[in-house]
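Have a look at the model first, then read on.

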Amino acid sequence: PPLDECLNLHDFEAVAKATLPDKAWAYYSSAADDEITHRDNRAAFQRIWFRPRILRDVTRVDWSTMILGHKSSMPVYITATALGKLGHPDGELNLTRAAGKHGVIQMIPTLASCSFDEIIDAGVQDQVFFMQLYVNKDRAKTKKIVQHAEKRGVKALFITVDAPQLGRREKDMRMKFEDVGAAVQAKSDDKVDRNQGAARAISSFIDPGLSWNDIPWFRSITKMPIILKGVQCWEDAVLAAEAGCDGIVLSNHGGRQLDTTRSGIEILPEVVDELRKRGLFPNPKFSIFVDGGVRRATDVLKAVALGATAVGVGRAFIYAFSAYGQEGVEKAVNILNDEFEMNMRLIGARNISEVVPSLVDTSSLSLH
Ligand code: FNR
């Protein structure tokens with residue numbers, strides 16, 4: 001179908017499902033075990049209801065915001081998803097070019113199909129990038145990647161902490177992995193089993209020994225803000241703040257790791273409450289992000305109302321570029337912008353600082 005028939009982010013998923021090769025669809029769409037968490041990432045947003053306000057002169061509404069000190073056209077960033085070339089020959093560059101044009105921040109994955117430098121070089125002047133890090137057992141390699149990223153101007157380091165071992169994504173495991181000229185970081189390991197899908201084939205270098213004791217080492221090798229991606233309870237949120245991290249992403253990795261874990265949006269209220277009790281929230285030096293299941297501006301506004309600085313979007317953007325390349329991603333961003341304008345007006349918020357907790361009713365959020 002022509003691109004202008006896509007009216008919402010779900011439509012890109014339908015086109016991607018119909019047009020992508022089986023292997024790509026299996027890798028992108030799959031989630032762990034019975035995919036219960038994956039489904040609940042969507043469902044959890046539907047358990048939050050708005051309490052919109054009226055008569056607030058919403059002629060002008062502005063949903064731009066600051067993320068870790070950098071301007072963003074919306075409280076959304078493109079989160080890290082590996083293997084962009086499975087879906088489109090230009091891979092991650094589709095995201096980079098669209099992001100540069102529309103003032104959106106892209107998080108570059110360790111396991112990108114395009115090389116790190118290719119992605120940075122495709123950016124426009126002053127384009128803001130974050131970097132997602134899988135920590136290698138060989139710390140010298142990790143140090144090199146981190147310091148190179150900082151040198152190339154990357155603004156923040158998101159260390160993935162929910163993947164000491166890759167989850168079982170059975171749809172993907174049924175496929176035999178073929179190299180797509182991809183995942184440069186993973187090439188060091190020749191002993192990988194290529195008969196159990198893409199995820200397994202590219203992840204054997206990740207260190208399950210990573211621990212809180214490593215945080216000071218990361219601090220010593222980089223000045224970039226350090227954010228832990230994949231926090232799933234308030235206890236670890238508090239530890240992250242106390243360890244001097246600059247933020248956390250409440251995330252279950254798009255349902256691809258531990259199945260029957262709660263969604264990021266569901267965890268957010270308890271994290272905010274417990275941080276607040278300890279005087280750690282609100283705190284400009286400690287940001288809370290959420291990802292998982294975001295498809296609508298209303299999802300984003302719910303997370304922001306509950307205390308998130310911004311949310312990450314993964315699959316929706318992958319499906320957009322898989323189906324339509326860079327243009328698809330631009331269209332997805334435009335759809336979100338239209339949705340933000342309308343929904344900011346309808347909830348009665350003129351800017352992001354007016355998107356406050358009293359705009360949402362969370363009384364059904366943890367009732368499943
Ligand atoms: C991911 N995600 C991910 N996370 C990460 O830290 N490193 C990675 O390499 C990847 N790769 C990856 C590939 C694919 C195909 C998907 C779908 C996801 C997880 C990602 O950053 C994010 O947490 C989720 O994708 C968010 O959920 P949605 O937006 O996909 O529902």
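**Overall fold**

The protein chain has 13 helices and 12 strands, where helices (H or I, at least four residues) and strands (E, at least two) are DSSP runs numbered from the N terminus. This is a predicted model, so to speak of local features takes pLDDT of at least 70 and side-chain atom pairs count only at pLDDT 80 or more, while totals for chains, interfaces and linings use all residues. Residues are numbered from 1 along each chain as its sequence is written.

**Size and packing**

- The C-alpha trace of the protein chain spans about 65 × 50 × 45 Å along its principal axes.
- Of its 368 residues, 52% count as buried, meaning 20 or more other C-beta atoms (placed from the backbone) lie within 10 Å of the residue's own.

**Strand β9 itself**

- Strand β9 covers residues 247-250, with G247 and V249 pointing one way, I248 and L250 the other, and all of them buried.

**Neighbours of β9**

- Strand β8 (residues 226-231) runs parallel to β9, joined by four bridges; pairing takes at least two DSSP bridges between two strands.
- K229 stands opposite V249 in β9.
- From β8 the chain passes through helix α10 (residues 234-242) to β9 in a right-handed β-α-β crossover, that is, clockwise from first strand over helix to second with the strands pointing away from the viewer.
- β9 also pairs in the parallel sense with strand β10 (residues 287-291), again over four bridges, and I288 in β10 is the bridge partner of I248.
- Helix α11 (residues 264-277) sits between β9 and β10 in a β-α-β unit that is right-handed.

Note on methods. Buried ≥ 20, exposed ≤ 12 C-beta atoms within 10 Å, placed from the backbone.
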